[in-house]
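Take a look at the sequence and the structure before reading on.

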Amino acid sequence: DRKRIRQYLHTTMQGICRIGHLDFLNLICNCMYIKITKNIVDAAIAGDEIALNLLRDMDFACHHGKHMFLGDYETLVLIKEQFPIRFPSLSKLFAHLSTIGAIVNTLIWHVEFSLDDKESYVKEEEGQYTIVISRNEISHFQAFNECHVLVENLEDIQMYQHILDFYKKDNGISKIRTIYYPILGGGSTTAMVLKQEMETRQSLVLCIVDSDKPFASAQMKETAKKVKEAYDNSKYKYNTKFYILDKVMEVENLIPFCIFEKYCTPFENDGSKKELYEKLKIIKSVRDYDEKYLDFFDFKKGMCSSHLVDESLENTNREIIERVSSELQMPILPNSDRYKRLLELLSAPELNLGQQAKEKIINKWCMETESYISGLGKEILSNVLKSCSENLSKVEKGDLSNTQYALYTEIGTLLFNWTCAIKPNE
C-alpha cells in the first residue's frame, strides 16, 4: 500500500544520500514542491500570457533554488523541446527525472496550477495534499518567493531551525536543502500579520504559534485563538498552514532539559547567577518525578499560584508542588479555599465580570505575589540560543522527552514539507 511504498522509498533515499549520489543531493524527498502540469505548458505554447508568465516565474525560482519543481516525462520533454532558451532552468529538470522518479510517491504536499476560473483550494487524498491555485489567483501568487514561516518572535525561528535540523538528521537526510523567509508576528499581532499574508496571496505561508496553555485540557490563549480565527474567517487560506503547539505550553518547552543543564550548571559557583542554578535544581526534581509535568511548565515565570485556581489543575499541579515543597522545604501550598473564595468574590453578579476579566485579576493578584516553583526568567530562550547553539545542534533522540520527540517529528515534518527546495543553478 501507499504507506509501505513511501517507507521503502524513503529508506532507499537515505541509502542514496549515504553513498554520496551527488545529483540526488540537489533533490527533495517528503517535501513541498511545485508540480509543472501539461495543461500549463500547452497553454504557454498556445500563447496564453498567464501561462507564459507563470513558467517565467517558475524558471526564475528554479534557477535560484526557491522551491522544488517537477513534472511528468511528457511535460518535461515538452518544455525541453519548446522552451530550451526561454526557460533554461526548467528545461534542465528533464535530466533529473530518472533520479527523482523513484521518490515521487513519498511527496506529501505539492502545488499545482489550474487554468479554470474556480476558487483555489486544498485537496486531500490518502494523506496527500495538493494546493490547487486557479487562474484567478495565479497573478497574485509569486512563485519566485520562498515559503514564509511566520512565528511570534524571531528567536522562535532559531529554535524551530534546530528542530528542523534534528528531524533531517534523525531521518538521514541532512544534506537535503531547505529555505524559507522568517516573518515576525510580534506575539499578540501574529494574527494580523497572518491575515495580511493570506490576503496578499503572494507566498506559501506556514505559521507556528504557542498555545500558552497552563495544562493539557486548558483552552489555548489569545494569540493562538486569534490566529485560528483569522484562518477560519479568511476567504483566502489555500496558501496557508498554521500549527499550534497544543501538546506543550510554548516553544521553551521544546528545549531539551540537558540544554537547560548545560546553560545553568556553570553558574553553580557564580555568586551573581547561582540563584539560576538553584532554580533549575528545583525544576529538575519535578522532572525526575515525572517528565510529563514539564510539558506545560512555564520556564519563564515558573509555576505560580494562579495555576491552581482552576480545579481541573489542582490534582496535577498540587501534587507537584506538595512533593517539591516537602523535599526541598519550600513554602507549603496555601489552603485552596483561599482561591475558591477569591473566585466567589469575583463572581458576584454586581461586578459583572467576564471569564477573561476574572482570569486577568487572578493572574495579577497571584503572579505578582507568589511563585512556588520559580522559572528561569523571561530571557531564557534567548540566553540558551546564544550560549548553547552548538549543543542544540548535537541533540540526540535520547536527550528528548517523549512529548518533545513527538513534536520534533511533527514540526520537523511540517517544516520540511513546506521549505525544501532544489539547489540553485551555478
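Let us begin with Leu150, whose bridge partner in strand 7 is Ile183. Keep in mind that this is a predicted model. Strand 6 (residues 148–151) and strand 7 run parallel and are joined by four bridges.

These strands belong to an open sheet of four strands, paired in parallel in the order 7-6-8-9. Strand 7 (181–184) and strand 9 (240–245) each have a single partner strand, so they stand at the edges and one side of each lacks a neighbour in the sheet. On average, neighbouring strands of this sheet are turned by 20° against each other, direction ignored.

| Helix | Lies across | Angle |
|---|---|---|
| Helix 9 (residues 190–200) | strand 6, strand 7, strand 8 (205–210), strand 9 | about 170° to strand 8 |
| Helix 17 (residues 402–419) | strand 6, strand 8, strand 9 | about 165° to strand 9 |

Now for the chain as a whole. It holds 17 helices and eleven strands, and 51% of its 426 residues are buried. Of the contacts between residues at least 6 apart in sequence, 76% join residues at least 24 apart. The accessible surface comes to about 20600 Å², with 48% belonging to carbon and sulfur atoms.

What about the cysteines? The whole structure has zero disulfides. For Cys264, the closest cysteine sulfur is that of Cys388, and at 8.5 Å it is too far for a bond. Cys264 is buried, with a relative accessible area of 0%. Cys62 also counts as buried because its relative accessibility is 2%, under the 20% cut-off.

Note on methods:
Residues numbered from 1 in each chain as written. Predicted model: local features only at pLDDT ≥ 70, side-chain atom pairs only at ≥ 80, totals over all residues. Heavy atoms only, no water. Helix = DSSP H or I, 4+ residues; strand = E, 2+ residues; numbered from the N terminus. Buried < 20%, exposed > 50% of the residue type's maximum accessible area, 1.4 Å probe, protein only. Contact = heavy atoms within 4.5 Å. Areas by Shrake-Rupley, 256 points an atom, 1.4 Å probe, with all protein chains shown as cover. Disulfide = S-S within 2.5 Å. Pairing = 2+ DSSP bridges. Axes fitted to C-alpha atoms, helices over the stretch in contact; angles between N-to-C directions.
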